[in-house]
Amino acid sequence: MKLLEGKRAAIFGVANDRSIAWAISEAFHAEGAELAFTYAGEILEKRVRPLAEGIGSKIILPCDVTKDEEVEKVFATLKQKWGGLDILVHAIAFANKEDLSNPYAQTSRAGFHLAMDVSAYSLVALAQRAAPLMEERNGSIVTLTYMGSEKVIPNYNVMGVAKAALEASVRYLAHDLGPKGIRVNAISAGPLRTLAAAGISDFKSMLHHVAERAPLKRNIGAEEVGKTALYLCSDWGSAVTGEVVHVDAGYNIMGM
Ligand code: NAD
């Protein structure tokens, strides 16, 4: 029997076939899960729909996480079509380009709010609506973070602060939802060339730095994040909750 046979997963955060959420989707699909997808806006629908349909997905919905009505609609549809939900993948982040290149000290109030809303609060917005659908099903929620939450990474700026809030949210959500058997974890991935990464100034030097300094002396592949998500969202991770699991070739352990 496949690891996720009979499981139903809602995936938030596919923009294209380089998205980390897509690598996770491929891993879940290979292990038998049925998947629902959301996309943020019409332009991305053109990319997401063919990918989703290509792996047999029948639920593909718009969802800008800053709009409560769109979030509500997604969970109402999941309830109506599936009756319940086993897995939620949150792979969403956004900050204004200038806030990922100017000094952090220059972050505007509006830029700070936007990054926090899209990149941190959205996990809470999704989790609070997913939870009622996950009861009695050993639900699992997984989000994506980066070590810019723990240490200063030049140019990561307000996103590092948002990721710190996201990781704290993982722990508080794990505490709140644990009694219902729902687990909440984060994967702290090493740098990967994606659409979101293209917004970070001098991203190339992050890749070089990791390949040079990480214990494994290389960068990671998106499929390696997919495999870890599979562990966290399947029975293999049944006692793991509130964790931030690093999938970064070991880079985060280095002091010098
Ligand atoms: P990506 O651009 O493929 O995915 C980011 C997603 O966020 C996109 O699908 C985009 O549509 C979505 N998004 C942005 N604003 C949104 C909104 N208002 N409503 C709904 N969706 C919205 O890039 P990715 O690198 O796959 O990013 C996925 C997650 O992984 C992010 O949380 C990112 O911070 C995290 N991450 C990325 C890296 C990396 O190096 N690429 C490393 C660690 C963590």
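Predicted model: local features only at pLDDT ≥ 70, side-chain atom pairs only at ≥ 80, totals over all residues.

Me: What's the strand order in the open sheet?
Reply: The seven strands go 3-2-1-4-5-6-7, with parallel pairing. Strands here are DSSP E runs of at least two residues, helices are H or I runs of at least four, and both are numbered from the N terminus. Two strands pair if DSSP finds at least two bridges between them.

Me: Which strands sit at the edges?
Reply: Strand 3 (59-62) and strand 7 (244-247), each pairing on one side only. On average, neighbouring strands in this sheet are turned by 20 degrees against each other, direction ignored.

Me: How many bridges join strand 2 to strand 3?
Reply: Four, and strand 2 covers residues 34-39. F37 has I60 in strand 3 as its bridge partner.

Me: OK, helices. Which strands does helix 4 lie across?
Reply: Strand 1 (8-12), strand 4 (87-90) and strand 5 (140-145), and helix 4 runs at about 170 degrees to strand 4. Helix 5 packs on the sheet too, touching strands 4, 5, 6 (183-189) and 7. Contact means heavy atoms within 4.5 Å. Angles run from 0 to 180 degrees between N-to-C directions, with axes fitted to C-alpha atoms, for helices over the stretch in contact.

Me: How do the axes of helix 4 and helix 5 cross?
Reply: At roughly 20 degrees, coming within 9 Å; helix 4 is residues 109-134 and helix 5 is 157-177. Helix 4 and helix 5 are therefore roughly parallel, a label for angles under 35 degrees.

Me: And which residues meet there?
Reply: Among them are F112, M116 and L123 in helix 4, and M159, L166 and L173 in helix 5. The contact residues divide into 17 nonpolar, three polar and no charged; Ala, Val, Leu, Ile, Met, Phe, Trp, Tyr, Cys and Pro count as nonpolar, Asp, Glu, Lys and Arg as charged, and the others, Gly among them, as polar.

Me: Switching topic: how are the rings of W22 and F37 arranged?
Reply: Their centres are 6.0 Å apart and their planes at 40 degrees, so the pair is tilted. Rings of Phe, Tyr and Trp (its six-membered ring) pair with centres within 6.5 Å; planes under 30 degrees apart are stacked, over 60 edge-to-face, and the rest tilted.

Me: What does L51 touch?
Reply: V14, N16, D17 and W22, leaving out residues up to four places away in sequence. L51 is in helix 2 (residues 42-54).

Key
Residues numbered from 1 in each chain as written. Heavy atoms only, no water. Parallel < 35°, antiparallel > 145°, perpendicular 65-115°, else oblique.
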